[in-house]
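Good morning, and thank you for coming. Please look at the sequence and the structure as I show them, and keep both in view while I speak.

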There are 2 protein chains.
Amino acid sequence: MAKVWRVFFLLLRLLAVAATLCAVVIMATSHDSTTVFGITLEAKFQHTPALVFFVVANGIAFIYSLIVLFIPSTSLLSRSIIVFDVILAMLLTAAIAAAGAMAQLGKKGNSHAGWFPICDRVPNFCDHVMGAMICGCVAVITFLLIVLYDIHQVLSPKFP
Amino acid sequence: MAKVWRVFFLLLRLLAVAATLCAVVIMATSHDSTTVFGITLEAKFQHTPALVFFVVANGIAFIYSLIVLFIPSTSLLSRSIIVFDVILAMLLTAAIAAAGAMAQLGKKGNSHAGWFPICDRVPNFCDHVMGAMICGCVAVITFLLIVLYDIHQVLSPKFP
């Protein structure tokens with residue numbers, strides 16, 4: 001039973017690597033352009049600080065998830081990793097929330113502020129942002145499960 | 001020494017109550033209006049889903065922080081509270097990130113998307129949002145310290 005849990009935990013770590021890498025790649029390749037009154041306007045993630053933050057946060061989580069795969073579970077550092085897992089979970093949550101706020105605005109706009117939706121003009125860009133956010137959601141849920149597993153492990157010293 | 005740590009932890013819980021309540025009250029009372037071409041436009045937090053989410057998340061954290069004050073530290077539930085602390089910390093982080101993304105847009109705008117800044121027209125509203133976000137930041141840092149204390153406690157069973 002303990003072995004099954006360990007394999008499940010390793011799969012969660014691998015899923016975190018895959019999801020954060022997927023989020024970074026899809027967001028970084030988001031690009032679209034539209035022509036308004038003869039002027040070509042470009043949509044890139046670099047134009048929006050919240051989306052840049054999303055890429056940076058997922059990039060950090062990707063590197064962390066890779067490094068942590070090579071830390072042996074018997075090392076002293078392994079018991080302290082829960083602290084970093086919590087901080088990374090919070091960082092990824094912030095990233096998905098900030099990107100989500102901008103994605104919602106891009107799709108629906110905000111008539112009260114005079115901010116019009118842009119997704120009808122740059123649908124390819126919005127599809128990429130949506131795809132990156134799905135990967136980002138998977139990463140957040142994976143990190144939450146990792147933290148819950150960490151807590152379960154430290155609350156039950158004999159487990160697994 | 002153990003008593004000092006317990007008092008410090010109680011102070012953190014009380015600070016969480018105060019900061020989340022402050023965030024809710026300041027954001028909920030944010031209101032300003034401006035006249036453009038003879039038409040009066042109103043700025044309210046209810047017009048922006050990210051700010052509504054901020055109020056709801058801080059409201060939930062306020063109620064949780066109040067309830068948790070009355071759970072005795074000797075109860076079995078007390079040891080599982082770390083799970084809820086982590087989830088609430090993530091929820092508050094999401095709230096501050098989403099509100100932060102919108103506040104940044106309100107202040108700086110986004111010329112690429114044709115979204116103009118609004119803070120020069122409704123400064124009172126933006127000042128309230130900024131005040132609420134400062135309280136929200138204090139709440140997030142407080143919850144992070146609470147989670148770190150929780151982890152320290154479960155990693156060191158004899159402490160305090």
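Is Glu42(A) buried or partly exposed? Glu42(A) has a relative accessible area of 40%. Because buried means under 20% and exposed means over 50%, with partly exposed in between, Glu42(A) is partly exposed. Please bear in mind throughout that this is a predicted model.

Let us stay with this residue and its partner. Glu42(A) forms a salt bridge with Lys44(A), and the closest N and O atoms are 4.0 Å apart. In general, side chains of opposite charge can pair when their charged atoms come close. Lys44(A) lies in strand S2 of chain A, which covers residues 39-44. Its relative accessibility is 28%, so Lys44(A) also counts as partly exposed.

Which residues does Lys44(A) touch, leaving aside those up to four places away in sequence? They are Ser30(A), His31(A) and Phe125(A). Lys44(A) can also be compared with Val129(A): the two are 85 residues apart in sequence, yet their C-alpha atoms are 9.9 Å apart in space.

Chain B has a corresponding pair to show. There, Glu42(B) and Lys44(B) form a salt bridge, again with 4.0 Å between the closest N and O atoms. Glu42(B) is partly exposed at 38% relative accessible area, and Lys44(B) is partly exposed at 29%.

How many salt bridges does the structure hold over all chains? The number is four. One of a further kind of setting is the pair Arg13(A) and Asp85(A), whose side chains meet in a salt bridge at 2.8 Å, N to O. This pair links distant parts of the chain: Arg13(A) is in helix H1 of chain A, Asp85(A) is in helix H3, residues 76-108, and the two are 72 residues apart. Arg13(A) has 6% relative accessibility and therefore counts as buried. Asp85(A), at 0%, counts as buried too.

Helix H1 of chain A, residues 2-28, also holds Leu14(A). At 41% relative accessibility, Leu14(A) counts as partly exposed. Together with Val7(A), Leu10(A) and Leu11(A), Leu14(A) makes a nonpolar surface patch of about 350 Å².

I turn now to the two chains together. A rotation of 180°, with 0.0 Å of shift along its axis, superposes chain A on chain B with an RMSD of 0.0 Å. The two copies are thus related as by a two-fold rotation axis. How do the copies meet? Of the interface residues of chain A, 100% are also interface residues in chain B, so the copies meet through the same surface.

Thr93(B) touches Met90(A), Ala94(A) and Val140(B), not counting residues up to four places away in sequence.

Finally, I come to the record. An unreviewed UniProt entry places the feature "domain: Casparian strip membrane protein" at residues 4-141 of chain A. Over that span the chain is 70% helix and 9% strand, and the end C-alpha atoms are 20 Å apart. The unreviewed UniProt entry also gives the annotation "transmembrane region" for residues 48-70, 82-103 and 130-151 of chain A. In the model, residues 48-70 are 87% helix and 0% strand, with end C-alpha atoms 35 Å apart. Residues 82-103 are 100% helix and 0% strand, and their end C-alpha atoms lie 31 Å apart.

Note on methods. Residues numbered from 1 in each chain as written. Chains lettered and ligands numbered in written order. Predicted model: local features only at pLDDT ≥ 70, side-chain atom pairs only at ≥ 80, totals over all residues. Heavy atoms only, no water. UniProt positions renumbered as here; feature names shortened; annotations may be inferred. Helix = DSSP H or I, 4+ residues; strand = E, 2+ residues; numbered from the N terminus. Patch = residues over 30% accessible without salt bridge, like charges linked within 9 Å, V, L, I, M, F, W, Y side chains within 5 Å. Areas by Shrake-Rupley, 256 points an atom, 1.4 Å probe, with all protein chains shown as cover. Buried < 20%, exposed > 50% of the residue type's maximum accessible area, 1.4 Å probe, protein only. Contact = heavy atoms within 4.5 Å. Least-squares fit on C-alpha atoms with pLDDT ≥ 70 in both.
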